[in-house]
Amino acid sequence: PDEITVGELAARMKMTAANIIKKLMGLGVMASISDTIDYDTAFLVASELGCAPEKEVVVTIEERLFEEEEDKNEDLVTRSPIVVVMGHVDHGKTSLLDAIRHASVTSTEAGGITQHIGAYKVKVGDGEITFLDTPGHEAFTAMRARGALMTDIAILVVAADDGIMPQTVEAINHAKAAGVSIIVAINKMDKPEANPDRVMQELTEYELVPEEWGGDVICVPVSAATKQGIDTLLEMVQLTADVKELKANPNRMAKGAVIEAKLDKGRGPVATVLVQNGTLHRGDVVIAGTAVGRVRAMTDENGRRLEEAGPATPVEITGLAEVPAAGDDFNAVENEKLARELVEKRRYQQKQEQFNSYQKVTLENLFSQI
Ligand code: GTP
Ligand code: MG
């Protein structure tokens with residue numbers, strides 16, 4: 001609906017109607033409890049009366065825009081798992097993925113350090129697995145947290161010659177917080193100093209008890225260098241995924257998350273997005289954070305052009321009017337006009353939040369000077 005009664009607005013904002021009516025008067029609008037006011041006025045009143053209720057009002061525009069109904073059982077099909085690879089810097093995450101993909105990303109990385117999230121869909125047997133590679137460097141906590149939130153399973157890579165290190169612990173915490181299953185890959189088994197027992201011992205200190213010691217955590221000794229154990233690791237990922245019975249509905253508008261985004265000189269804003277449900281098509285209108293636009297071109301991780309991308313597929317898209325933030329949700333929508341309206345609202349909210357935090361800071365400064 002484009003309008004709302006004063007009474008309904010008051011109820012949604014958990015406030016008295018008198019409060020709302022007073023505010024409306026201040027804006028030059030005379031209304032009683034049963035009168036309807038238009039959406040923009042309601043939004044204005046809500047935002048002037050504080051930001052918490054504002055969100056509830058915004059839900060109405062999102063309800064109008066997004067297909068939020070639950071997928072029906074008969075529409076659901078099995079989807080491939082999304083797996084994040086996490087661990088301490090240099091423990092071999094990218095090398096392991098290179099070995100799985102028969103590719104060589106490590107050799108092209110500056111200083112051999114991963115600085116962004118890589119996303120790859122790999123054929124394994126007759127299935128597929130979508131991998132997110134994350135950086136291990138301590139500076140990239142936010143990326144690891146985001147990676148964990150988008151996925152079903154985490155492969156925790158621990159170098160057998162080094163054991164559990166600070167970012168290993170951090171990765172364990174992210175995976176636990178996101179509620180994803182953890183599979184441990186004990187890497188660099190080819191090294192003479194490799195000590196997998198020590199790694200397993202250390203894991204127990206973080207409540208990860210290996211299966212061979214009576215717990216429920218699968219640990220697979222592997223070597224990215226010799227490819228030892230990699231087939232077993234992939235088998236374990238697929239077994240874990242099978243138990244989860246991961247499903248998606250390919251016949252709905254796409255929704256997912258922005259993995260990363262940048263401004264490309266020639267192509268404009270370019271975003272790597274992970275389609276989590278539905279199917280994204282070239283030409284779809286998409287909204288991601290405060291960015292909106294039509295998908296102009298869509299490519300997979302190898303630069304191949306795609307017309308559509310189904311569930312659990314990472315794709316790079318162009319056509320957004322601005323660069324979204326990594327971690328933003330994205331949705332394909334039918335109503336472009338409404339999408340632009342929502343973007344305006346979100347911008348307004350962002351400004352409001354900035355303004356509020358600015359006010360707080362100046363107040364604190366004020367007090368600290370007294
Ligand atoms: P960040 O992304 O920067 O956190 O590092 P990473 O975990 O992706 O590690 P990367 O794959 O870049 O490997 C780090 C170093 O370890 C490289 O020199 C690899 O060649 C080496 N390495 C990785 N896996 C193995 C392995 O199984 N055996 C041996 N001997 N070396 C390995
Ligand atoms: Mg790496």
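Predicted model: local features only at pLDDT ≥ 70, side-chain atom pairs only at ≥ 80, totals over all residues.
Residues are numbered from 1 along each chain as its sequence is written, chains are lettered from A and ligands numbered from 1 in the order in which they are written, and side-chain values use heavy atoms, with hydrogens and water left out.

Back to ligand 1. A residue is near it if one of its heavy atoms lies within 4 Å. There are 20 residues around the ligand, and Lys93, Ser95, Thr114, Asp190 and Ala224 come nearest. Helix H5 supplies the largest share of that shell, 3 residues; helices (H or I, at least four residues) and strands (E, at least two) are DSSP runs, numbered from the N terminus.

Now the polar contacts, meaning pairs of N or O atoms within 3.5 Å; within protein, one must be able to donate a hydrogen and the other to accept it, and residues adjacent in sequence count only if both atoms are side-chain atoms. Oxygen atoms of ligand 1 sit 2.8 Å from a backbone N or O atom of Thr94, 2.8 Å from a polar backbone atom of Ala224 and 3.4 Å from a polar side-chain atom of Ser223.

Next, which residues are the protein donors of the magnesium ion, ligand 2? They are Thr94 and Thr114, each through OG1, lying 2.0 Å from the ion. Donors here are N, O and S atoms within 2.8 Å of the metal (3.2 Å for Na, K and Ca), and water is not among the atoms, so sites may look incomplete. The two threonines are 20 residues apart: Thr94 is in H5 (residues 93-101), Thr114 in the loop between H5 and strand E5 (118-124).

Are they buried or exposed? Thr94 is buried because its relative accessibility is 7%, and Thr114 is buried too, at 9%. Buried means under 20% relative accessible area, exposed over 50%, partly exposed in between (1.4 Å probe, protein chains only).

Last stop, strand E17 (residues 313-320): 7 of its 8 residues are buried, so the strand is largely enclosed by the rest of the structure. Thanks, everyone!
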